[in-house]
Amino acid sequence: MKLVPATVDDASPKALPPEKSDPSEDWTIVLPRRGKKNRIANKFVIPKRQMEVQLWAPIDLETDPERESKLKQKMDTCIQKFENSKFYRNLLSQIRNPDVLDKFSKVLGSEEKMQMVVYGIGSIESFGPPRLQLCLAILLQRSFDWIGGIELFDPIISLTESKVLTSLGCTVLSINEQGRRRAVKPTLFFMPHCEAELYDNLLEANWEVGRLNQLVIFGNSFEAYEQHASVCKSSRKHVLAVQSFTEELGVDTFSDDSFRAFHGTSWHFFGPPAEADLQMILT
């Protein structure tokens, strides 16, 4: 799909569920949507050989309308303020650059939507940086009609946060994927300030030419990991190996708020050669 710079920002419709992979190799998880009856179930694929299925639910069992309302108002105010920030305006200009749009177009291929998966967002009720990160994810979806639905997971999310996230149009996952989601369709993984192991899990689960070229990762700079390769190298095996065919675009931060939420963050696009022996690259 060829993208062109947009002149009008439109909210995006929800992403379609990804196609099922080879059932002999993977788990296909089918879960009902929260709070809705008689709706199509969510499906996603996780490599069977690489993890055990871990169903998840918030530890706290209680919430109240007043607490939810306060958090929703806080998020609405944060989104409005963030939309007018220098950081967000600059990031929009970066994405709308024809050369950058072309990179997203190549990932999309013939597809019309790129689903967004958010890992490790943290507590939006307790901390400012997670709220800013969520603001960015939501505003990107609203600003670009080729970004589909937002699926989100962090094991520390409370029941109150889960309800507010759902009210903001996000789907809170009911399984801890440990970052091992296979990209069966073009997928933007939104992962600022996640642990190195989570990026490595994601790359390992997609360590095939046909899958890596369907990924975009918005997260910690892989180049920075390469500069510190001697530290915890075993947990960054794929992060380091992927560098030979990764194009990284850094983002600029302008204030204390944006610095805390996004410092050291980059876009990562992957272009492994069609004939690449990815297992040999790992050795």
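**Figure 1. Helix α6 is largely enclosed by the rest of the structure, because seven of its 10 residues are buried.** Buried means under 20% relative accessible area, exposed over 50%, and partly exposed in between (1.4 Å probe, protein chains only). The buried residues of α6 are A196, Y199, D200, N201, L202, L203 and A205. This is a predicted model, in which local features need pLDDT of at least 70 and side-chain atom pairs count only at pLDDT 80 or more, while totals for chains, interfaces and linings use all residues. Residues are numbered from 1 along each chain as its sequence is written, and side-chain values use heavy atoms, leaving out hydrogens and water.

**Figure 2. N206 sits in the loop between α6 (196–205) and α7 (209–212).** Is N206 buried or exposed? Its relative accessible area is 0%, so N206 is buried. Which residues touch N206, leaving aside its neighbours within four places in sequence? They are R181, R182, A183, R211, L212 and L215. Contact means heavy atoms within 4.5 Å.

**Figure 3. The whole chain has 11 helices and nine strands.** Helices (H or I, at least four residues) and strands (E, at least two) are DSSP runs, numbered from the N terminus. The chain has 283 residues, and 51% of them count as buried.

**Figure 4. Helix α1 (residues 65–83) packs against helix α5 (residues 159–167).** The angle is about 50°, and the axes lie 9 Å apart. Axes are lines fitted to C-alpha atoms, for helices over the stretch in contact; angles run from 0 to 180 degrees between N-to-C directions. α1 and α5 are therefore oblique to each other. Under 35 degrees counts as roughly parallel, over 145 as roughly antiparallel, 65 to 115 as roughly perpendicular, and the rest as oblique. The crossing of α1 and α5 is right-handed. From α1 come R67, E68, L71, K72 and M75; they meet T160, E161, K163, V164 and S167 of α5. By class, this contact of α1 with α5 has three nonpolar, two polar and five charged residues.

**Figure 5. K72 is a residue of helix α1.** Its relative accessibility is 24%, so K72 counts as partly exposed. K72 is in contact with V164, S167 and L168, leaving aside its neighbours within four places in sequence. How far apart in space are K72 and K163, C-alpha to C-alpha? The spacing is 9.3 Å, although K72 and K163 are 91 residues apart in sequence.

**Figure 6. Helix α2 (residues 86–96) packs against helix α3 (residues 98–108).** Their axes are 5 Å apart, at an angle of about 70°. α2 and α3 are therefore roughly perpendicular to each other. Q94, I95 and R96 of α2 make the contact with P98, V100, L101 and F104 of α3. The contact of α2 with α3 has five nonpolar, one polar and one charged residues.

**Figure 7. Helix α2 also crosses helix α4 (residues 128–143), at roughly 45°.** The axes of α2 and α4 come within 12 Å. α2 and α4 are therefore oblique to each other. α2 passes α4 in a right-handed crossing. On α2, the contact involves F87, Y88, L91, L92, I95 and R96; on α4, L136, L139, L140 and S143. The residues of this contact of α2 with α4 divide into eight nonpolar, one polar and one charged.

**Figure 8. The structure holds zero disulfides.** C135 is in no disulfide; the nearest cysteine sulfur, that of C78, is 3.2 Å away. A disulfide is a pair of cysteine sulfur atoms within 2.5 Å. C135 is buried, because its relative accessible area is 0%. C170 counts as buried too, at 3% relative accessibility.

Figure 9. Most residues other than glycine have a negative phi. Phi of Q178 is near 55°. Q178 is in the loop between β5 (170–172) and β6 (187–191). At 24% relative accessibility, Q178 counts as partly exposed. Phi of H193 is near 65°, again a positive value in a residue other than glycine. H193 is in the loop between β6 and α6. At 31% relative accessibility, H193 counts as partly exposed.

Notes: Left-handed = near helix turned anticlockwise from the far one by under 90°. Nonpolar A, V, L, I, M, F, W, Y, C, P; charged D, E, K, R; others polar.
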